[in-house]
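The entry is shown first, and the notes follow by topic.

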Amino acid sequence: MDQRFLDELGAVVAPGGLLTDAADLFTYESDALVHLRATPGAVVLPVSADEVQAVVRLCHRAGVPFVARGHGTGLSGGALPVEDGVVIGLSRLNRILDVDIPNLRVTVEPGVTNLEITRRVSPFGCYYAPDPSSQIVCSIGGNIAENSGGAHCLKYGFTVHHVLGVEAVLPNGDNVHIGGAALDLPGLDLLSVIVGSEGTLAVVTKATLRILRRPEAVLTLLAGFESIDLAGEAVSAIIGRGIVPAAVEMMDRLTIQAAEAAVQPRFPDANAVLIVELDGPQAEVDEQFAVVESVCRAQGATSMEIARDQAHRERIWRGRKAAFAAMGRVSPNYYVQDGVVPRTKLPEVLRRIRDLEARSGLRIGNVFHAGDGNLHPLICYDASVPGQAEHAEKVASEILLYCIEAGGSLTGEHGVGADKKAYMPKMFSTDDLDAMHLVRCAFDPAGLCNPGKVFPTPRLCGEVPGPYRQHPLERAGVVERF
Amino acid sequence: MDTQGSAFSSLAPLEPLMDKCVHCGFCLSTCPSYLLNGQEMDSPRGRIYLMRGGVQDRVAMSGTVVEHFDTCLGCMACETACPSGVRYAPLIEETRAAIERHHQRPLADRLFRRALFLILPYPRRLRLLAWPLATVHVLKRSPRVLAALPARIRHLIALAPQRPAGGPTAGDVPERTAAIGERRRRVGLVTGCVQRVFYGHVNQASARVLAAEGCEVTAPRRQGCCGALALHAGRDEDARQFARDLIRTFDGERWDSIVINAAGCGSTMKGYGELLKDDPAWAERARAFSSKVRDISETLSELLPPRAPRRQLPLRVGYHDACHLAHAQGVRAQPRRLLESIPGVTLVPLADAEICCGSAGIFNLVEPEMAAELGRRKIARLAEATPDVVVTSNPGCMLQMTTHARTAGHTFRIVHLAELLAESLTS
């Protein structure tokens, strides 16, 4: 990376805000998806929105690609650096700027962790609803980029339903306010364009979020089943009876064992467990619980345990939320897949996954947000066995095809990132992708903001869709085709 | 300095431990150095990445890299947070030993560290230093003189306890304290270095409470340091020697348990078996010793309900988990059970309880700025709970928190668990 450019970067951030040492850069080469790696040319760690803006301006002027990164917990390589580009680490922008309880909203910087918001507002009986499993550490900026979900999204919606407004730096260095304090603003809904754009349209520097009052009653049921199929049928039956639980989670035997080894949630010895959480007014919860209980019994639940207090509930959730990382207890390496199928297709897709497991010789654990059909197959492999990592990747991608064939989606909440961009054409037509690409170009004509993510074949803006023709900038040797 | 092999090569056998790390980042949320510095290299995940890079010859042991290992407080909160069960303690200890063998620190740094290790683990030398340290409080009132001193000395002065330990043997525990009533346990008491010099009254309170609950307490007069400070700073050979000496001191008697009231020492002593496993003459003795080591709260909670009558102490008590008790030894419930056994005590929850106070062995002496910031944050969280008393189980935490509570103008007392238990004894 050009020394003059580095000097300029160093001049616009506070002391200690520019990393160029090779060892320092080395630790930024991947997020939580470790098999994709690229070493950045520099990492900047701004402490204010102004610094972010100054850095983006410099990158824009010099034509250097940049990638925003929160705490590096993403599972799709969304914060994978561009080789020799700039990483804008937002970990130091970590202040909660305003807590407005009467209006039920908070304003935070992007490096604040998801759980910190709930911790800050819980003395007032409030919480922030989206709860990805990594909520203890994942950043709000990353949640906005990925439109993160979580166990409770079945009832409460995804991040997009909880962001009221953002301040963001556009790829040309302009600072913009999008959305506002009100629940619905007139005009084009640009906020929904930013949320879930995986860092390809802007760098969010401030966000105003909705918080919710804690429900009067919460009841968590942990039920064991003889098979995933029976548990899956129980889920369909519960929802079929008109109940929208706050969360319905399913885990299979392998992931139960892993969680047990890691955090001892004391799950029953079963081939599948369901965690069903009901919340709302006490009377409603009681009534719904009677239905859920009878459905589980009808599906032959082998055990049922009810958590009525916070400590017990936390123990159960700890088991579920640690499930991914806990795979490290039962397998040297694992690959987390994230796909969605219509709930009714769950049994069919699971059967295909089981066949694949037998065929591939790799163990596959399954954790689901069962209520909305979001699967998280965990493919176990041993990277020290030559070829096994690639094999696992193939197996993971085959599962994605099952999801798409079943009329689902190739990602529920982890994002497309660098990991799944190649599968986008399997889900979207060229026209669909071109339409998305035009939006991208409107924000980032130079293609500097997190390039190489989401889109399968990055095009230059201004390029006419269709057969490849050399762009004028390519001819001039200014840019090269990826 | 050893120049054989690559600087990180001694970590190669530990690669399977590193491979357990799946890079999920859960450890970042409770890592004090990541919270302060907000950069990947100052997190457990980043450090493990650097270690692996070092073993694979992709990372050299440069000054920058060493700094990232130096910022680790060794609090082990990451081990608690890790869902994959990564054992970070052996990794950082071996890394530090490798640094000591292969990396030359700047001269001032070297001299300062050497001085610390010539004094801290030796109670008699430490006591000599404690007197001038206690009198330097006069200096605190002359900011101009203070400002002229090097930062490290300034912080050393700031941390000096208010009250000297008294005469040369003022804080000492009698060699034998008989059990009151029928004897239930025979315990050996490790009296520590910093604890003995600065908090002799904690040792005395410990012996009193143990005796009141039916323990016959023996505190061998000539015991030395447990080696914790050396081990945590990468001086593993020194640590092994301290360990052998201490084991020898406690040899020859049949203890039910060897009791310690300093969390940092306890976690090291419980690890003697591991520390000396490659020393054939000592491996078995070390294992036997370690199996008997108990934190005082473990021993006392085994003896609950209390035999000795307790009097009412109407206090709001915040219990601060010492990192080396909670994270390193998994002892969390026992001290709380003991505090709840005191009539009148209300335990109040503390925010950010899993975050280190910044003391961390010699960390607040070698990395004073970071330690001070952590101390300030810790005290702010403690104050929010409006306690009358904050109870903990480690002398380092007590020094650090007392300093920062005073600076911030708070009046709540900071005491050792044994002190509050002793206060509640009626006789």
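Between chain B and chain A, the count is two salt bridges, a salt bridge being a side-chain nitrogen of Lys or Arg within 4 Å of a carboxyl oxygen of Asp or Glu. The model is predicted, so local features need pLDDT of at least 70 and side-chain atom pairs count only at pLDDT 80 or more, while totals for chains, interfaces and linings use all residues. Residues are numbered from 1 along each chain as its sequence is written, chains are lettered from A and ligands numbered from 1 in the order in which they are written, and side-chain values use heavy atoms, with hydrogens and water left out.

**Interface of chain B and chain A**

- A salt bridge joins the side chains of E29(A) and R58(B), at 3.5 Å from N to O.
- Helix 3 of chain B gives the most to the side that touches chain A, with five residues; helices are DSSP runs (H or I, at least four residues), numbered from the N terminus.
- By class, this side of chain B has 12 nonpolar, 12 polar and six charged residues; Ala, Val, Leu, Ile, Met, Phe, Trp, Tyr, Cys and Pro count as nonpolar, Asp, Glu, Lys and Arg as charged, and the others, Gly among them, as polar.
- The two chains bury about 2,500 Å² between them, 55% of it on carbon and sulfur atoms; buried area is the accessible area (1.4 Å probe) that two parts lose on being put together, summed over both.
- In chain B, F26(B), Y49(B) and P83(B) lose the most area to chain A, together 23% of what that side buries.

**Domains 2 and 3 of chain B**

- The domains of chain B include domain 2 (107–159) and domain 3 (176–301), with bounds from an automatic or database domain assignment.
- Domain 2 and domain 3 of chain B bury about 1,000 Å² between them, 78% of it on carbon and sulfur atoms.
- On the domain 2 side, F117(B), P121(B) and P123(B) lose the most area to domain 3, together 47% of what that side buries.
- Across this interface the rule finds zero salt bridges and zero residue pairs in polar contact.
- Helix 8 (residues 123–135) of chain B gives the most to the domain 2 side, with six residues.

How values were computed. A polar contact is a pair of N or O atoms within 3.5 Å; within protein, one must be able to donate a hydrogen and the other to accept it, and residues adjacent in sequence count only if both atoms are side-chain atoms. Helices (H or I, at least four residues) and strands (E, at least two) are DSSP runs, numbered from the N terminus.
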